[in-house]
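Please walk me through this structure.

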Amino acid sequence: MKKIKLYEPAIGKEEIENMAEAAKSGYLTNNPNGWVRRFEDMTKEYLGVKHAIAVSSGTAAIQLALEVVRADYCFSSAFSFPAVKHAVLVLDGILNTKDIDSQTYNMKIGDYEADFADEDWYDCIIPIHLFGQSVDMDSVAQYVYESKRVGSVSVVEDAACALGAKYKGRFCGTMGDVGCFSFHPRKVITTGEGGMLVTDSEELAKKAILLRNHGIDPEKKEDLFHGYNYRMSEIAGAMGCAQMKKLDRLIERRRQIAAVYNECFYLNENLVTPPIQAEGCFHIYQSYVVRIAMMSESSTGNALYRNGIIKKLKEKGIDCAIGSYCLDLDKEEARKAAAQTIALPIHTKMSPDDAIYVAETLLEVL
Ligand SMILES: Cc1ncc(COP(=O)(O)O)c(C=O)c1O
């Protein structure tokens, strides 16, 4: 039976050689001129930002970002992996959620006037560029402007899934005060586990560097601050340097697979709704998430039906997963998306024929 994985990192010769070199050097962490530093420099150059700080995971990046901007009252999307929620909770913050757009699955920020009373006290907006597609960032800017809080509301982008994705020509992660990326193996590039914060602010970068390493000043070697061990290892940094060189090629390949899927589902949109690329967005398809036509009036009924389809696909050798999680049951579109969506395999080791096979099998088991 043909087997198709949900995700498969593109680890080649250069990654292995770099990691071996890092291991043999004996300098496995905290090397001021080592692989992690090089990976940070490559990320800075790619994104055109002033500071990039590598950390141990995407969640660690989000937590540090929220801490350096001093976020207390945040709002974000009701449909996502729960990393933002956990980072806010760890910092004793308050998270409110916005419902999503049913087509892009991203937070729909809405009309400031309409929810003025509720939203007045937020000090941080966390757009999550889900599945590799940007949030409508003009609406975020407009919201901050209309709330007359420019300068007192921070924007922390959860770009965990969106390295290389763009909104109106600008890279995700570079439009707010701080951007956060993940290098988990399901992301476009990986370091095993890992993350990165980027910012143009020297002040925020300095604080994040301190927090990453127990609050210890790298020059003075003094413990100035509280902090964590959120460092990235040199072996992970070595893998990241090789991966970063391939980033554009890996994105192109994902977009090709997504185009094949789109074509397969085009004539069957009554059964399967493929993802859309919204106007002004360059989607990198970290995940290819489809919505299955509703079978039931209730979310539970839909989720049971959807879970049954995932099981049938797995039995036919196709690994797949739920789209994402509903973080607030009061948000209707988030609830529906959590019950009706499936993430199909997408990675650079798949051929166009594999994508056709997945799509045909899905249509067959519905
Ligand atoms: C939207 C989103 N944010 C944050 C994260 C957290 O990243 P990490 O797993 O590297 O901590 C993920 C991970 O899947 C994610 O999908």
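How close do the axes of helix α9 and helix α10 come, and at what angle do they cross? The axes of α9 (residues 299–315) and α10 (residues 332–340) come within 7 Å and cross at roughly 25 degrees. That makes α9 roughly parallel to α10, a term for angles under 35 degrees. Axes are lines fitted to C-alpha atoms, for helices over the stretch in contact, and angles run from 0 to 180 degrees between N-to-C directions. Helices (H or I, at least four residues) and strands (E, at least two) are DSSP runs, numbered from the N terminus.

This is a predicted model: local features need pLDDT of at least 70, side-chain atom pairs count only at pLDDT 80 or more, and totals for chains, interfaces and linings use all residues. Residues are numbered from 1 along each chain as its sequence is written.

Now look at the contact itself. From α9 come S299, N302, A303 and R306; from α10 come R335, K336, A339 and Q340. Residues are in contact if their C-beta atoms, placed from the backbone, lie within 7 Å.

Stay with α10. Its residues A334, R335, A337, A338, A339 and Q340 are buried. A residue is buried if 20 or more other C-beta atoms lie within 10 Å of its own, exposed if 12 or fewer, and partly exposed in between. The buried residues of α10 pack against β12 (288–292), α9 and β14 (341–344).

Which strands pair with β12? Strands pair if DSSP finds at least two bridges between them. Strand β10 (residues 272–273) is joined to β12 by 2 bridges, and the two run antiparallel. There, V272 has I292 as its bridge partner. Between β12 and β14 there are 4 bridges, again with antiparallel strands. Y288 stands opposite L344 in β14.

Finally, turn to two loops. N30 lies in the loop between α1 (13–25) and α2 (35–47). N30 is not a glycine, yet has a positive phi of about 60 degrees. N30 counts as partly exposed, with 13 C-beta neighbours inside 10 Å. R70 sits in the loop between α3 (58–68) and β2 (73–77). Its phi is also positive, near 60 degrees. R70 counts as exposed, with 12 C-beta neighbours inside 10 Å.

Definitions and conventions: Angles under 35 degrees count as roughly parallel, over 145 as roughly antiparallel, 65 to 115 as roughly perpendicular and the rest as oblique. Two residues are in contact if their C-beta atoms, placed from the backbone, lie within 7 Å.
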